[in-house]
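Please read the following report alongside the sequence and the coordinates.

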Amino acid sequence: MAEGTRLVRDDSNGSSTTFQHAASGIGPFGKLTQLGMMQMVELGQRLREQLVVEDDKDEDDEHCLNEQDEDGYYNNHALFSSSSTTTTTTRRLTPDNIKVTCTDFTRTILSVRALLVGLFPNNNSSNSNSSCVIDIDLRHTNIMIPDPEPRSTKEQEILEVASAQKPHVLEKEANMKHLAIRTTFALRDILSKDANKIRFGVKEGGSSTTTTSSDNNATAATATAPEVLPWAQLAEITKCLHVRNRLPPTISIQDQRDIAAHAAWRWFQTLSEPRIAYLAMAGFVKKILTDMMETHTDVPLHVYSGHDSTLIGLLSVLRLEQPSTWPEYCSYLKIQVYKEQEEGKLYLRFSLNGELLRTYWGVEGNDGDDGEPIRMLPMEELRKGLDL
């Protein structure tokens, strides 16, 4: 899987010098399974089909605003041609035409390597041409993680805690508390004794070990279970067990769905606050916009391998239409750059897993939720709005 790729880190010997995030896992935990690898290979194949136009199709590589399909959606043009003959407007999809950035986690590295196998099925180390080696840049990628520990700024931490203490959040947390206690108790024989030391995700309010429930089972669980796990961990653990048909009998499929939905709600609830979203993700958006300027020059395709929380952070800071559930593994956010023919202005178009996402950027009313979302966002407007 590593053939044809090279990891680029800050130091010369290739070892990690970045912070260790709690979600990176310990030992086999946090690694990517064979099933996960195959899913990423298949995603790479699907993306290749979207990005490369076959020789027998009359496809223009230029992304133009004035070309729309019958439903009014902007055309999803291919960036590359499968032809061996390239022109000023077409090029082949080769390792020279892609840049890859990845957080320094074992599973995100394995994920993007598997993706590249699907994108470049014929690329391997047997070819001595150095251009076939794709660098995976792991440097300075903390900006891709919205919940580093400690937070990048004290302000973000303070605002997250304040958000978790809002009355409607506390009310919903109280209503869901019994499920968190019961699930943690049911997982007690699966998790290691120090599992409660591993914590990540947005800040949560309230006590993690107390309950006012009169349910005898809940009381017993509170007395003997380890410290209640945060929603982000509960969502990941139960999802993994569900996929493998290994959920404990006392955790139903509906329980798992409720946990995942609440975890997503907590993330979106926190990051929907513009200042928190800005503090958490503005650095990464700045990098994306800087990289986008290369799409019309040297490098037409940039790939970023991150986390479900990275997706949620981007959806929030870009004020995109948001899903109600946690992003599934292999989810991908595509950001396309379009150039206006007459004035040369650059516009951004967004899609999640192939579905168009509109943005509320710059269309809010006085009450903050009016206005019709737009399909194409002027890049300059985004840069100004984020003070970039």
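Not counting residues up to four places away in sequence, Leu187 touches Leu234, Ile237, Leu241, Pro248 and Ile251, where contact means heavy atoms within 4.5 Å. Leu187 is found in the loop between α4 and α5 (216–224); helices (H or I, at least four residues) and strands (E, at least two) are DSSP runs, numbered from the N terminus. With 0% relative accessibility, Leu187 counts as buried, a label that means under 20% relative accessible area, while exposed means over 50% and partly exposed in between (1.4 Å probe, protein chains only). The C-alpha atoms of Leu187 and Ile237 are separated by 9.0 Å, although these residues are 50 apart along the chain.

The model is a predicted one, in which local features need pLDDT of at least 70 and side-chain atom pairs count only at pLDDT 80 or more, whereas totals for chains, interfaces and linings use all residues. Residues are numbered from 1 along each chain as its sequence is written, and side-chain values use heavy atoms, with hydrogens and water left out.

**Nonpolar cores**

A nonpolar core is here a set of buried Ala, Val, Leu, Ile, Met, Phe, Trp, Tyr and Cys residues joined through side-chain atoms within 4.5 Å. The largest such core has 52 residues, of which Leu314, Leu333, Leu348 and Leu382 touch the most other members. Two or more residues each come from α4 (167–186), α6 (231–243), α7 (253–271), α8 (274–292), α9 (308–317), β7 (333–339), β8 (346–352) and α10 (379–385), and the largest share, nine residues, is given by α8. Leaving aside neighbours within four places in sequence, Leu382 is in contact with Val285, Leu289, Leu318, Leu348, Trp361 and Leu377. Apart from this core lies another, of 29 residues, which includes Met40, Leu51, Ala114 and Ile136.

How many of the residues of β8 are buried? Seven of the seven are, so β8 is largely enclosed by the rest of the structure. Leu346, Leu348, Phe350 and Leu352 point one way from the strand, Tyr347, Arg349 and Ser351 point the other way, and all are buried. In a regular strand the side chains alternate between the two faces of the sheet.

| Partner of β8 | Sense | Bridges | Example of bridge partners |
|---|---|---|---|
| β7 | antiparallel | seven | Leu333 and Leu352 |
| β9 (residues 355–357) | antiparallel | three | Leu352 and Glu355 |
| β10 (residues 376–378) | antiparallel | three | Arg349 and Met376 |

Six residues lie between β7 and β8 in their hairpin, and Gly344 in the turn has a positive phi of about 80 degrees. The hairpin of β8 and β9 has two residues between the strands, and there Asn353 takes a positive phi near 55 degrees.

Thr5 lies in strand β1 (residues 5–8) and is buried, with a relative accessible area of 15%. Its side chain makes a polar contact with the side chain of Arg113 (3.0 Å); such a contact is a pair of N or O atoms within 3.5 Å, where, within protein, one must be able to donate a hydrogen and the other to accept it, and residues adjacent in sequence count only if both atoms are side-chain atoms. Leaving aside neighbours within four places in sequence, Thr5 is in contact with Arg113, Leu116, Val133, Ile134 and Ile136.

Strand β5 (residues 134–137) has a covered face, Ile134 and Ile136, and an uncovered one, Asp135 and Asp137. Four bridges join β1 to β5 in a parallel arrangement, with Val8 standing opposite Asp137. Strand β4 (residues 98–102) also runs parallel to β5, joined by two bridges, and Thr101 has Asp137 as its bridge partner.

**Aromatic rings and charges**

One aromatic pair is found in a search of the whole structure. Phe284 and Tyr304 form this pair, which is edge-to-face, with 5.4 Å centre to centre and 85 degrees between the planes. Rings of Phe, Tyr and Trp (its six-membered ring) pair if their centres lie within 6.5 Å, and planes under 30 degrees apart count as stacked, over 60 as edge-to-face and the rest as tilted. Phe284 lies in helix α8 and Tyr304 in strand β6 (residues 301–305), so the pair ties together parts that are 20 residues apart in sequence. Phe284 counts as buried at 1% relative accessibility, whereas Tyr304, at 24%, counts as partly exposed.

The charged end of Lys172 sits over the ring of Trp265, 4.2 Å from its centre, and that of Arg319 sits over the ring of Trp361, 4.1 Å from its centre. A charge sits over a ring if NZ of Lys or CZ of Arg is within 6 Å of the ring centre and within 35 degrees of the ring normal.

Key
Two strands pair if DSSP finds at least two bridges between them.
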